[in-house]
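Me: I would like to learn how to read the features of a structure like this one. Can we start with the ligand and work outward?

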Amino acid sequence: MMPKRVIDDLDLFNNGLKILPCKGIFHPTDDGGSIVVHDDPAITQRSFARLSKKDAEAYADFNAYMADATTVVRGMMFETPLDPSRRDLKGIKDLASFAWKHRKIGGKFFRLADLFTMSSYDFLKQWFENESIICALGYQSSIGTFASLKSPGSAYVLLHHVLAHDPDVGWGFAEGGMGAISQAIRNMGEKHGMTVKTNAPVARVIVNGGRATGVALENGEVYEARLVASNAHAKPLFEKLVGAEHLPAEMMKDLKRFRTFSTAFKLNIAVDRIPQFKGFDPAAAGMDYPDFTHLAPDVDYMERAYDDAKYGWYSQRPFLSPVVPTVHDKTLAPEGKHIVNIFGGHAPYELKNGIWANERENFTKTVMAVMDAFVPGFSSSIIDMQVLLPPDLEQIIGLPHGHIFHGEITPDQLFFKRPVPHYADYRSPIAGLYQCGSSSHPGGGVTGVPGTNAAREILRDWPKLKKLAA
Ligand SMILES: Cc1cc2nc3c(=O)[nH]c(=O)nc-3n(C[C@H](O)[C@H](O)[C@H](O)COP(=O)(O)OP(=O)(O)OC[C@H]3O[C@@H](n4cnc5c(N)ncnc54)[C@H](O)[C@@H]3O)c2cc1C
């Protein structure tokens, strides 16, 4: 999801990052056929036409609309959210410059309002009639969110994922796995004097006279600093590492309200043979193997999966997105063996009338039943498997409720409200303490955008910070 601008700023392609390009999404349907959402729109339209000629024709108009909307919103991703409640000179200046900068939005405003408020189902219905096609295009609006295609506001989640596909980069797998992105950032930083310390949990941010002056590690080591920038989730950062005693009560209340309840899960699986997806036809799909797959034949399937979670249980037929990066990336597994990453929903952080310790095995069987239905014999090919439920993600990465995006990326939790009103500009009530992770605008995904924006604000404050430290 990383835009070209961030990749270029950090010079990642010259520091070891290699993207192995992908072409399309394979979306099997219940009738034994499939839909393909491909970089080449002609292939997509051909697959739509099998189900609806009208939808195939509407695709060009839909694409043009989304391209238009993404240009506007992509620009806004890189803007520091203003605080619309400010009534001082700075507040008025910020509002005026925002209005001037976006004066050309004009009529597009009404279209953007749709994307910010509608459900992705209602939004897509404006163009498409076939429920499998709507599912194929709206599927992403359920990724990582406790919502479904028919939930109000889910159209924005769709946009968030569409934004991710920067046409100047394309999309694909980072060779060596996602850690290769962190490694490339590290390689670049070290050329500029950066030092990285891992396995070094921070116990607290040191606050002196309302100013952050360093961090203390759990092992007792202390690092003094002119400023502290944190990409840890905003809740543990402010509630534990800083402490409510240093922070405004109103902010702490707002932070508590920031919704993080998650239902997303991930299975990382090693298999002894390449999964064979039923009904996949390389010639029709315009790719040798599915780059990315949606296992959810239509909208009703997605809604039923959501309904189970809505009432406190895991989906009895979860939607799944299996990917097999080893088809493209030969560095990850021995010859002939493969890795399958399955992302899916829904597995609520907490179950009603049950606990995960008793349900983990049943849950895994439920996922395997879906996999076996679409990839015959899949479960018998498994060598080993890691199951990551929301409580596991919370424990391993420190994500409250295991929310993969640090909190819902619905419009009520974005822009000037992320993570809380008045502190959405990457600063905090503590001078010299900055937020630079996904709890800030524009939210989750491996985008590097919150960090880019935070860096810009830090550089703005730098002359002041330097003076304070002197
Ligand atoms: C299972 C899963 C699948 C995902 N799939 C995708 C995907 O396909 N595409 C995509 O773009 N995004 C995906 N995401 C989301 C993406 O990974 C995140 O949005 C992104 O990593 C956020 O980056 P970040 O730097 O803001 O925060 P994080 O990656 O959450 O980093 C915060 C870091 O702070 C550390 N930390 C927390 N507390 C402390 C402490 N006290 N001391 C020291 N360190 C601390 C944590 O260990 C962590 O390393 C996925 C996430 C998950 C969990």
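**Reading the model feature by feature**

Reply: A backbone N or O atom of Gly-445 lies 2.6 Å from an oxygen atom of the ligand. Keep in mind that the model is predicted.

Me: Which polar backbone atom is 2.8 Å from an oxygen atom of the ligand?

Reply: That atom belongs to Val-446. The ligand also has an oxygen atom 2.8 Å from a polar side-chain atom of Asn-231. Taken alone, the ligand exposes 1,000 Å², and the protein buries 66% of that area.

Me: How many residues are around the ligand, and which come nearest?

Reply: There are 19 of them, and the nearest are Val-202, Asn-231, Ser-438, Gly-445 and Val-446. Sorted by class, the shell holds 12 nonpolar, 6 polar and 1 charged residues.

Me: Next, salt bridges. How many does the count come to?

Reply: The general idea is that side chains of opposite charge can pair when their charged atoms come close. In this structure the count comes to 20 salt bridges. One of them joins Lys-197 to Glu-221, with the closest N and O atoms 3.7 Å apart. Lys-197 sits in the loop between helix H9 (179–191) and strand S5 (202–208), while Glu-221 sits in the loop between strand S6 (211–217) and strand S7 (222–224); the two are 24 residues apart, and the pair links distant parts of the chain.

Me: What is the N to O distance between Arg-427 and Asp-461?

Reply: Their side chains meet in a salt bridge at 2.8 Å. Arg-427 lies in the loop between helix H15 (390–397) and strand S14 (433–435), and Asp-461 in helix H16 (residues 449–469), so the pair ties together parts 34 residues apart in sequence. Asp-461 is buried, because its relative accessible area is 9%. Both residues also belong to a network of salt bridges that links them with Asp-425, Arg-456, Glu-457 and Arg-460.

Me: How should I read the strands? Do S5 and S6 run parallel or antiparallel?

Reply: Strands of a sheet pair through backbone hydrogen bonds, either parallel or antiparallel. S5 and S6 run antiparallel and are joined by 6 bridges. Val-205 has Val-215 in S6 as its bridge partner. The hairpin of S5 and S6 has 2 residues between the strands, and Gly-209 there takes a positive phi near 55 degrees.

Me: In what order do the 3 strands of the open sheet stand?

Reply: The order is S3-S2-S10, with mixed pairing. Strand S3 (34–38) and strand S10 (292–293) stand at the edges with a single partner strand each, so one side of each has no neighbour in the sheet. Strand S2 (residues 24–28) runs parallel to S10, and 2 bridges join them. Ile-25 stands opposite Phe-292 in S10.

Me: Which residue other than glycine has a positive phi near 50 degrees?

Reply: That is Asn-199, found in the loop between H9 and S5. Asn-199 counts as exposed because its relative accessible area is 79%. Asn-353 is a further case, with a positive phi near 60 degrees. Asn-353 is in the loop between S12 and H14, and is exposed at 80% relative accessible area.

Me: Finally, is Ile-397 buried or exposed?

Reply: Ile-397 is exposed, because its relative accessible area is 54%. This residue belongs to helix H15. The C-alpha atoms of Ile-397 and Phe-374 are separated by 31 Å, with the two residues 23 apart along the chain.

How values were computed
Residues are numbered from 1 along each chain as its sequence is written. This is a predicted model: local features need pLDDT of at least 70, side-chain atom pairs count only at pLDDT 80 or more; totals for chains, interfaces and linings use all residues. Side-chain values use heavy atoms; hydrogens and water are left out. A residue is near a molecule or strand if one of its heavy atoms lies within 4 Å of it. A polar contact is a pair of N or O atoms within 3.5 Å; within protein, one must be able to donate a hydrogen and the other to accept it, and residues adjacent in sequence count only if both atoms are side-chain atoms. Accessible areas come from the Shrake-Rupley method with a 1.4 Å probe; for residues, only the protein chains shown count as cover. Ala, Val, Leu, Ile, Met, Phe, Trp, Tyr, Cys and Pro count as nonpolar, Asp, Glu, Lys and Arg as charged, and the others, Gly among them, as polar. A salt bridge is a side-chain nitrogen of Lys or Arg within 4 Å of a carboxyl oxygen of Asp or Glu. Helices (H or I, at least four residues) and strands (E, at least two) are DSSP runs, numbered from the N terminus. Buried means under 20% relative accessible area, exposed over 50%, partly exposed in between (1.4 Å probe, protein chains only). Two strands pair if DSSP finds at least two bridges between them.
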